[in-house]
Amino acid sequence: MSVLLMLCVPLLALATPGRGTRRWEPCTDLRPLDILAEALPPNGAAGGIRVTQANGVRGLQLSVAAPHAMSFPASRIFFQCDLFPEEFSIVITLKVPNLPPKKNEYLFTVVTEESDGLLLGLRYSPTRLHFLFLSQDAAGAWQTRVTFRSPALMDNQWHTLVLAVSEGSFSLTADCGVPADIMADVPFPATLSVQGARFFIGSRKRTKGLFTGLVRQLVLLPGSDATARLCPCRSPELAVLSIPPVLQGPPGKPEDNEVLKYPYETDLKVTLGSRPPCTKMEDAQFWFDASRKGLFLCVGSQWVSVLAAKEKLDYVEEHQSLFTDSETLGIEVFAIPEAGLFVAAANRKATSAIYKWTDGKFASYQNIPTHQAQSWRHFTIGKKVFLAVANFEPNEKGQEFSVIYKWSQRKLRFTPYQRVPTHSARDWEAFEMAGEHFLAVANHREGDNHNIDSVIYKWNPRTRLFEANQTIATSGAYDWEFFTVGPYSFLAVANAFNGTSTKVHSHLYVWLLGSFQLFQAFLTFGAADWEVFHIGERVFLAVANSHSYDVEMEARNDSYVINSVIYELNVTAQTFVRFQEITTCSALDWEFFSVGEDYFLVVANSFDGNTFLVNSIIYRWQGYEGFVAVHSLPTFGCRDWETFRTAAGSYLVYSSAKEPRSRVLKLRTG
C-alpha cells in the first residue's frame, strides 16, 4: 500500500488547480498513532478505566457507567487537515468475552459530535467482524459494511488483529496467521472528512454495544500495512506495535505511578491438587500443594515456591502390591485430563494391562493384547491422547509390529490407531520440535542380527499418521532419550549388544539441518537406559550399564556388577564429560525425582550374577559429593521405575521382570 501512496502524491499535486508546485503533506504523521494512549484520561480512576491482568497480561476494561470515557477529538491527531487516510491499517490486541448470539460490541468508532453519525468503526459478534465506514456520492451518503468471518476470538485468550485497507481491498490478519482478503464493490472513500468528529474506544458513544472485554493495543498506521512490522513474531497473539505505558512492563508487577492512577485487578486463580502444568496459560497463577503444604507461583514455565514448609524424604514404605497377569518389563504412568491417573504395564505374556488410580490405589481398567511388550509411551498431539506399545515378538501369524493406541473420549478406552513395523522393539520415545511431532523406536534385533536401523517417525497432519522420517544405525538398541538444551534438540540411544559384545558405543545425536546428526559417542556396557535431568543450570545424562560380556571371554558372575556413569554437560567444551561412576548390579533403569528442595536418583538393580533378589538404591544429590546412597530398597528382578504425585503425596512404582507383581512405594516426608 505504501507504494500506491507514493504514486498518488505527485498525481494529486498535478490534479489540483493552482497548487501544482506546492508540496503535498499528509493530514497526520505517517508513523504509528497510539489511539489507545491518546484516549486514556489523565485522571485514571475518575475516567472509569480499570487496569486488569488476564493470563499474565495487562489490559484496559471500560466502565458501563461511562461509555464515552475513552474518547478524544480527531483533530488531535489529524492536525494538517481533516481527511482520514485512504490507505491505512489498524492494529488491535484484545481479549473478548463470550457473547450471546446476535449480540455485537464495538471495538472503536469515529463519530461526528453534532449528529452522532458513524464515520467508521469496527465491531464484532460471535461469528463476524464488521468494518463500517461512511460512503457518499452525488446521490447521498450511506453506511458500508465489510464483513469478515470472525476468527476464533472467544477462547479466553489474547489475540492481535491487523485490519489493512487500500481502496477496495480489505485484509484481516489474526495472530500473524494467513490473511483473509476481501475485494469490496464499494472502496474506502478517498475523502472521508473527520472534521468535528471524535474517536471512541470500545463504544459508539453510548452504553449499547459497549465492549466488555479487555483491550491492550489500538494503533492506527497511516499509509501502510502493519503486518510486515509485526510478523513473524515469537508471540503473535501479543505482537506489539505500540502500547500505552500503563500496560507495559513485566506482567503482574504494577511498579510505577502511572499504574496507580487506575484501579488494578488481576484474575487471580489458585489451583489445588496435584501439580498442574505451568505454561503461558497459567503464568502468574498460583498452585497450592496440600500434600507439601506449599504455595507456588507459575513464572515462565516453572513453579516457584512462594510459601512452603521444607519437605524432606524420611523413609519409603510399601503402599500397594500390584498383581499383574505376568512379569512386567516396563511401566508408564500418565494422566488424562478429566479421566484420571493411569499406569500401563508392559507384560511378558499375550496381554498387557492398564490400571487407574482409584481411591488411593491402582485398579484394573483395561486389557490390551500385546506380544511380549517391553514398554509403553504416552504422548499427546493437540487434544489427542496416544499410547504406543513396543512389541518384542511377532504375533500368531508371524507378523512383527508395534501398535499406537488412541484414547476414545466416547468409550473412555484406548483403541488401536496405527500399526508400525518394528523389529524386537524395546522402546518408544515421543517428542516435539518446532511444533512437529515425532516418535523414535528402538529396534533391538532382526533375527540374530543386532546391527540394524532404528527409525524416527514424523506425524503427518494431513494423513494423521506417523511416517518414517529418518533411520539411524543402532546395535541392539534398548532405549531412546530426547532432551533440549537451549535452542538445541538431542536424542540419545542406548546400544546394548553388537552381536559379539556388550562393549559398544552408545550415541548422542543433535538436530541440525532437518535431521539428527552424531554429536558424541560414549563407551557403554550393555546400555539399557539413558536418563537426562537438570539441577539448577547444570545438565546431566546418566547411563544404566547392565552387563560386561564378550563372546571370547569366559562367563563370570561379577560381569553384572559394573559401574554405571553420570555425565555432565560442559557448555564451554560443548561435550558431556564423566561426572560420577556408581557401582550397579545389571542396572536397567534410572529415574530422577525431587522431594522438596532435594534431588534423587533411583536405580533399577536387576541381577548381581547370582540372584535377582538385589537391592535397588536411592541416591541423593549432595552437591560437591555428587550422588550419595541414602535408601536401600529390596527388589526382585527390578526392571523399571516411575515416579508420580497425587494430592496424597509422592510415590515410586517399580516393575518386576521376574514375578507377576509390581510394587507401589510411598515416599514419607517430614
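## Exercises on a predicted chain

V270 lies in strand 18 (residues 270-272); strands (E, at least two residues) and helices (H or I, at least four) are DSSP runs, numbered from the N terminus. The model is predicted: local features need pLDDT of at least 70, side-chain atom pairs count only at pLDDT 80 or more, and totals for chains, interfaces and linings use all residues. Residues are numbered from 1 along each chain as its sequence is written, and side-chain values use heavy atoms, with hydrogens and water left out.

**Exercise 1.** Classify V270 as buried, partly exposed or exposed, and find its surface patch.

Step 1. Set the cut-offs: buried is under 20% relative accessible area, exposed is over 50%, and partly exposed lies in between (1.4 Å probe, protein chains only).
Step 2. V270 has 44% relative accessibility, so it counts as partly exposed.
Step 3. V270, L272 and F288 make a nonpolar surface patch of about 280 Å². Such a patch takes residues with over 30% relative accessible area and no salt bridge, and joins nonpolar side chains (Val, Leu, Ile, Met, Phe, Trp, Tyr) within 5 Å. A salt bridge puts a side-chain nitrogen of Lys or Arg within 4 Å of a carboxyl oxygen of Asp or Glu. Areas come from the Shrake-Rupley method with a 1.4 Å probe; for residues, only the protein chains shown count as cover.

**Exercise 2.** Describe the chain as a whole, then its cores.

Step 1. The chain has four helices and 49 strands. Of its 670 residues, 52% count as buried.
Step 2. Define a nonpolar core: buried Ala, Val, Leu, Ile, Met, Phe, Trp, Tyr and Cys residues joined through side-chain atoms within 4.5 Å.
Step 3. The largest nonpolar core has 55 residues; L60, F84, F131, F188 and F199 touch the most other members.
Step 4. A second, separate core has 19 residues, including I368, W376, F401 and Y405.
Step 5. Now zoom in on L60. Beyond its neighbours within four places in sequence, its contacts (heavy atoms within 4.5 Å) include L36, M70, L214 and V246.

**Exercise 3.** Trace the pairing around strand 8 (residues 118-124).

Step 1. Check burial: seven of the seven residues of strand 8 are buried.
Step 2. Look back to strand 7 (residues 105-112): it pairs with strand 8 in the antiparallel sense over six bridges. Pairing requires at least two DSSP bridges between the strands. F108 has L122 of strand 8 as its bridge partner.
Step 3. Inspect the hairpin of strands 7 and 8. Five residues sit between the strands, and D116 takes a positive phi near 60°.
Step 4. Look ahead: strand 8 pairs antiparallel with strand 9 (residues 128-137) over five bridges. Y124 stands opposite L129 in strand 9. Three residues link the two strands in a hairpin.

Methods
Patch = residues over 30% accessible without salt bridge, like charges linked within 9 Å, V, L, I, M, F, W, Y side chains within 5 Å.
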